[in-house]
Amino acid sequence: MRRSEGYEEKYRSLAAKLAEDGLISPGSLVVPPTSCGKPGCRCQANPPQRHGPYYQWSRAVGGKTVSRRLDPAQAELYPSWIANRRRLEAIVTEMEGLSARAGEIPLCRARGG
Ligand SMILES: [Zn+2]
């Protein structure tokens, strides 16, 4: 048996896992404070009229953090999309590690190891 066969099998099972998940989204969800602290804002009134709570989707675009307010329907979808994206990244990292280790095999052979 070739030594790389174990790696190829593991790699294929990781690739199959990639296909299991649905849509993905980068970034993360945050719930901003419902009180902004601006004097005279309705959230400071008595009784206070709070902002939200609502979800805000934040992600890095060209080194800057960009945020967008999500409507309730989007707020239901995004947590699973974000989780899918993180799982996908973890799987790809594992695939890269596996490939790097498999890549060492020809080197060992060249050295007679
Ligand atoms: Zn306010």
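Okay, hi everyone. Before anything else, keep in mind that this is a predicted model.

So, what is the protein built from? It has 2 helices and 3 strands. Starting at the N terminus, the order is α-β-β-β-α. The radius of gyration is 23 Å, while the globule rule gives 13 Å for 113 residues, so the protein is more spread out than a compact globule. You can see that in the C-alpha trace too, which spans about 80 × 25 × 20 Å along its principal axes. And how many of the residues count as buried?

Now contacts. If we take the contacts with a separation of 6 or more, 60% of them are between residues 24 or more positions apart.

Next, the helices. Helix α1 covers residues 5-20 and helix α2 covers residues 72-110. Their axes come within 10 Å, and they cross at roughly 165°. Angles over 145 degrees count as roughly antiparallel, and that is why α1 is described as roughly antiparallel to α2. The crossing is left-handed, by the way.

Which residues make that contact? On the α1 side we have Tyr7, Lys10, Tyr11, Leu14, Lys17 and Leu18. From α2 come Leu88, Ile91, Glu94, Met95, Leu98, Arg101 and Ala102. Sort them by class and you get 9 nonpolar residues, 4 charged ones and no polar ones.

Let's zoom in on one residue, Asn84, which sits in helix α2. Is Asn84 buried, exposed or partly exposed? Count the other C-beta atoms within 10 Å and you find 16. A residue needs 20 or more to be buried, and 12 or fewer to be exposed, so Asn84 comes out as partly exposed.

Who does Asn84 touch? Ignoring neighbours within four places in sequence, Asn84 is in contact with Asp21, Gly22, Leu23 and Ile24. Take Leu23: 61 residues separate it from Asn84 in sequence, but from C-alpha to C-alpha the two are 7.1 Å apart in space.

Last stop, the loop between β1, residues 28-30, and β2, residues 56-61. Pro47 is in that loop, and a cis peptide bond joins Asn46 to Pro47, with omega at about 0°. Pro53 is found in the loop between β1 and β2 as well. The bond from Gly52 to Pro53 is also cis, with omega near 10°.

Notes
Residues are numbered from 1 along each chain as its sequence is written. This is a predicted model: local features need pLDDT of at least 70, side-chain atom pairs count only at pLDDT 80 or more; totals for chains, interfaces and linings use all residues. Helices (H or I, at least four residues) and strands (E, at least two) are DSSP runs, numbered from the N terminus. The radius of gyration is taken over C-alpha atoms; the globule rule is 2.2 Å times the number of residues to the power 0.38. Two residues are in contact if their C-beta atoms, placed from the backbone, lie within 7 Å. Axes are lines fitted to C-alpha atoms, for helices over the stretch in contact, and angles run from 0 to 180 degrees between N-to-C directions. Angles under 35 degrees count as roughly parallel, over 145 as roughly antiparallel, 65 to 115 as roughly perpendicular and the rest as oblique. A crossing is left-handed if the near helix is turned anticlockwise from the far one by less than a right angle, and right-handed if clockwise. Ala, Val, Leu, Ile, Met, Phe, Trp, Tyr, Cys and Pro count as nonpolar, Asp, Glu, Lys and Arg as charged, and the others, Gly among them, as polar.
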